[in-house]
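Reader: I would like to go through this structure and ask what lies behind the words used for it. Please show it before we start.

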Amino acid sequence: MDEADRRVLRQSRVRLVGELQVAALWDALLNRELFTPGMIEDIQRAGSGSRRDQARQLIIDLETRGSRALPLFISCLEDTGQDTLASLLRTSRQAAKQDPEAIRPLNLKPVVIGPELWPAKLRPEVLRPEAPRPVDIGSGGFSEIRAQDRAKGNADLAYVLNADPCGHCLIINNVNFCRESGLGTRTGSSIDCERMQQRFHLLHFVVEVKCNLTAKQMVQALVELAQRDHSALDCCVVVILSHGCQASHLQFPGAVYGMDGDPVSVERIVSLFNGTGCPSLGGKPKLFFIQACGGELKDQGFEVASTSPEDRTPDSDPEPDATPFQEGAVTVDQPDAVSSLPTPSDILVSYSTFPGFVSWRDTKSGSWYIETLDSIFEQWAHCEDLQTLLLRVANAVSVKGVYKQIPGCFNFLRKKLFFKT
């Protein structure tokens, strides 16, 4: 399959996945020898085994089946009565050959496929359970995606996020601080808040936003969330947007400020959701995203072979979310004291910056970390696990600006986490 054909499939994939009558295609695909019976079984086992996961895997695998794959697939669509899809794909393919920019996403409504459409010889209940067989992925670069899709359906390798809604997401957005605190207004944070609110709504979370809370009110809001019954849910997310500082710790470094200027340690926040504080989330992932400074150090970075001038626009106006570390000299922050860390399970804390350093926020476009997090999730959350997504975020943020910033995380998850998209 040439690049134009691949582009047609990639740009139409989301709509195709929602529209394809996958089960009706199996016989046609087998008769045309586009896939072998073993490959069909692999597609059926993709992800959670839902029609949507099967359709997504079918589209992915098509890109690896050679130059004749897309024309044969279009013929199979016509054979199974899916003429509208066939016509739109054929039109898009012709446009791609002439002008790649002419391709537009297909605007189609999803079709629900009932089990009666499954060919009897390929229904799941008659397939013999066996270990996943190796499949030649070919030269499409999709082997990693295929492995991850397999992990989604394996409870030993990945968390099961089947509930809808998936869980609660609490966003605390502190923008305005009292004069006595000495902390400035966090201009641009409302953009971050809107991004996170929309992103986690799309990821099937019930999102609640609380703004300009004192330290006491922050703790109260977090306690209230932890004390809810999460038994029917699969995950919980906390996003905190505020000023921050260094703080002495045993487990998780850093602290975030309430609008009254009093700090709440990240360690205390996380402890509210452990097995004792929140038993209904036992064994389920608890995710914390912290946009705040870890201190007041400014990283000037080190010189590398090439730089990206577009990473910092001339009219950008970055500010740090920092305040001086004010604890006495007898308490020393130890971000590298790994041996002193406990191992609380199913917790991940993602920090916008390395402990001790500032975290930059543009007054016009929001913080580097949240802007990048939102963009990476939008592009990759449908096929990559959370740890891989955060690696992408760290890499993208690290090349921004004159001063440097590197996000990182304390990860005590036991399995891979794929968001519900």
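**Terms and the values behind them**

Author: Cys 169 has Val 237 of strand 3 as its bridge partner. The model is a predicted one.

Reader: What makes strand 1 and strand 3 a pair?

Author: Two strands pair if there are at least two bridges between them. Seven bridges join strand 1 to strand 3, and the two run parallel. The count meets the cut-off, so they are a pair.

Reader: Which residue of strand 7 is the bridge partner of Val 237?

Author: The partner is Leu 287. Strand 3 and strand 7 (residues 286-291) run parallel and are joined by six bridges.

Reader: Why is strand 3 called largely enclosed?

Author: Buried means under 20% relative accessible area. Seven of the seven residues of strand 3 (residues 235-241) are buried, so the rest of the structure largely encloses this strand. Cys 235, Val 237, Val 239 and Leu 241 point one way, while Cys 236, Val 238 and Ile 240 point the other way, and all are buried.

Reader: What makes helix 3 mostly covered?

Author: In helix 3 (residues 37-44), seven of the eight residues are buried. Among them are Glu 41, Asp 42 and Gln 44, together with Gly 38 and Met 39.

Reader: Why are strand 4 and strand 6 said to stand at the edges?

Author: Three strands form an open sheet in the order 4-5-6, with antiparallel pairing. Strand 4 (244-245) and strand 6 (263-265) each have a single partner strand, so one side of each has no neighbour in the sheet.

Reader: How do you know that strand 4 pairs with strand 5?

Author: Two bridges join strand 4 to strand 5 (residues 255-257). The cut-off is at least two, so the count is enough for a pair. The bridge partner of Cys 245 in strand 5 is Ala 255.

Reader: Which residues make the contact?

Author: Helix 11 contributes Trp 368, Tyr 369, Thr 372, Leu 373, Ile 376, Phe 377 and Trp 380. From helix 12 come Leu 386, Leu 389, Leu 390, Arg 392, Val 393, Ala 396 and Val 397. By class, 12 are nonpolar, one is polar and one is charged.

Reader: Why are His 204 and Asn 212 called partly exposed?

Author: Partly exposed lies between the buried limit, under 20%, and the exposed one, over 50%. His 204 has a relative accessible area of 24%, so it counts as partly exposed. Asn 212, at 27%, also counts as partly exposed.

Key
Residues numbered from 1 in each chain as written. Predicted model: local features only at pLDDT ≥ 70, side-chain atom pairs only at ≥ 80, totals over all residues. Heavy atoms only, no water. Helix = DSSP H or I, 4+ residues; strand = E, 2+ residues; numbered from the N terminus. Contact = heavy atoms within 4.5 Å. Nonpolar A, V, L, I, M, F, W, Y, C, P; charged D, E, K, R; others polar. Buried < 20%, exposed > 50% of the residue type's maximum accessible area, 1.4 Å probe, protein only.
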